[in-house]
Amino acid sequence: MPKVWAAVLLVVSLLPQPAWAITLEQVPNPRRQYGGWVSDTANILSSSTENELNRLITQLEQRTSAEMAVVTVPNTQGYATPKDFTTQLFNYWGIGKAGQNNGVLFLISVGDRRVEIETGRGLVAILPDSRVQQIIDQQILPRFRNGDFDGGTLAGVQQLTSVLQGQPVANVPAAASEVTTSTIATSSGAVTQGIDSSLVEGILLLLGIIILGLGWQRSRMPVSLRAERGGRQVLSLTRRDPRTGAVLSSVQSDPIRLFLYSGSLCLGLFLGLSSGTWLGLALPVVAALATDGTLGRKRGIPFQPVVCQACGRPMRLIQPQLLDKYLPQEHRLARSRGRARYYGWFCPTCQGIAVVVREGTLSRHLYCPRCQALTLDLTTQVLREATYSSSGLKLEILSCPICGYRSEREVVIPELSDTDTDSDFGGDSGRDSDFGGGSSGGGGAGGSW
């Protein structure tokens, strides 16, 4: 029996994570990036949802002065708990107005499958923890369990903004799936205790073969791209096309990587358990790494074969050093600044080029609103330094070197205080935040889906 539990714990600990660990400094501050309230680092929200969230929160801030940030992250590795990460990020940015502490942070950690809503101390009366928990349980988690991140996030923010503006919370009963999931989890925990090691080994072997088979089948499915002479059209792997409202999800290689590493992990655990040594675990994982590298060099992104949409013939991968001459000026500039990676394919029959771009996670908010190029620059000029007796003022300038777009706005710098260097809530005097300088003592609630 100890052998079985060791295998189960190892499976849980070694399951592929959705993305790398992220620090507070790496989370893009939406107020600095583009003057909004949403930072979708995990890339789970559609552009239309982000726009609606920004509209709702802007309206909230104008009517009540309360501030709210919506943040998605791949995971919170490196921190004690997702709650600890949320509280630190809240105070690092200073969400809410200074002195009023009327801020809210809505954080979604995809890898932890966790929602945390942090509230400032100034909102205790109007938004107590029990009400926050009600919103999470009734509005957010049921939708998240169905994979509807857009709907769950939007419903949660709508309810939070309604409460902060003095409107009642909709009393929506929890989805039946919550009860079903809880029952299944309890039952499976009892059944697992009776499984012997031989059955575990058989399940791991069968599961590994099935997962690798599905991954192999998907990797053989060709991706059809439209080849154009000159390659002027650049398609995005992560950003929704404004004309179709869709992301090229079929082109992404992430699902195939998930199959590859999950199946290899299952086979590695099977070999480790059956042989009695953990050396068997390393062999399939090393093979998966080698396969990943080989496919990446041979086909680029995606892993699948790429065919021309017009003639149906296979297309050839263009080497990165030769791709620049096919890229428009704005994309060459974005590439030179390290904001995106580009992949191109050439159709020998049609003599056309298809180019795909994958934007960097920290650069996705730097699209110019006029020409839609990933070339927006943010510069800051301090007009008046903040002191311990008066606030300061700085000028933010957004400019695009391609189309000449330029916008300016003045931002108040909160006056300095002793809490900037010695805070009970983990404040950081070195942060550059465009929020109002509020803080949180750890209020709010959370939940898992």
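Tutor: Gladly! Let us begin with helix α3 (residues 47-64) and helix α6 (residues 149-164), which pack with their axes 10 Å apart and at an angle of about 10°. Because an angle under 35 degrees counts as roughly parallel, α3 is roughly parallel to α6. Please keep in mind that this is a predicted model.

Who makes the contact? From α3 come T49, E52, L53, L56, I57, L60 and T64, and from α6 come D150, T153, L154, V157, Q158, T161 and L164. Sorted by class, the contact of α3 with α6 holds seven nonpolar, five polar and two charged residues.

Now for the charged pairs. Side chains of opposite charge can pair when their charged atoms come close. In this model the count comes to 11 salt bridges. One of them joins E67 and K97, whose closest N and O atoms are 2.8 Å apart. This pair links distant parts of the chain: E67 sits in strand β2 (residues 67-73), while K97 is in the loop between α4 (82-93) and β3 (103-109), 30 residues apart. E67 is buried, with a relative accessible area of 5%, and K97 is buried as well, at 19%.

Another salt bridge brings R337 and D377 together, with 2.5 Å between the closest N and O atoms. Here R337 lies in the loop between α12 (329-336) and β9 (340-347) and D377 in strand β11 (residues 377-384), 40 residues apart. R337 counts as partly exposed, at 36% relative accessibility. Salt bridges that share partners also join E61, E67 and K97 into one network.

Finally, the aromatic rings. The whole structure has six aromatic pairs. W37 and F435 form a tilted one, 5.9 Å centre to centre with 55° between the planes. W37 is in the loop between α2 (30-33) and β1 (38-40), and F435 is in the loop between β13 (406-413) and β14 (443-448), so the pair ties together parts 398 residues apart in sequence. W37 is buried, at 3% relative accessible area, and F435 is buried at 3% too.

F144 and W449 make an edge-to-face pair, because their ring centres are 5.2 Å apart and their planes stand at 80°. F144 belongs to helix α5 (residues 129-145) and W449 to the segment after β14, so this pair ties together parts 305 residues apart in sequence. F144 is buried at 2% relative accessibility, and W449 is buried at 12%. To finish, W37, W93 and F435 form one aromatic cluster.

Key
Residues numbered from 1 in each chain as written. Predicted model: local features only at pLDDT ≥ 70, side-chain atom pairs only at ≥ 80, totals over all residues. Heavy atoms only, no water. Salt bridge = Lys/Arg side-chain N within 4 Å of Asp/Glu carboxyl O. Helix = DSSP H or I, 4+ residues; strand = E, 2+ residues; numbered from the N terminus. Buried < 20%, exposed > 50% of the residue type's maximum accessible area, 1.4 Å probe, protein only. Axes fitted to C-alpha atoms, helices over the stretch in contact; angles between N-to-C directions. Parallel < 35°, antiparallel > 145°, perpendicular 65-115°, else oblique. Contact = heavy atoms within 4.5 Å. Nonpolar A, V, L, I, M, F, W, Y, C, P; charged D, E, K, R; others polar. Phe/Tyr/Trp six-rings, centres within 6.5 Å; stacked < 30°, edge-to-face > 60°.
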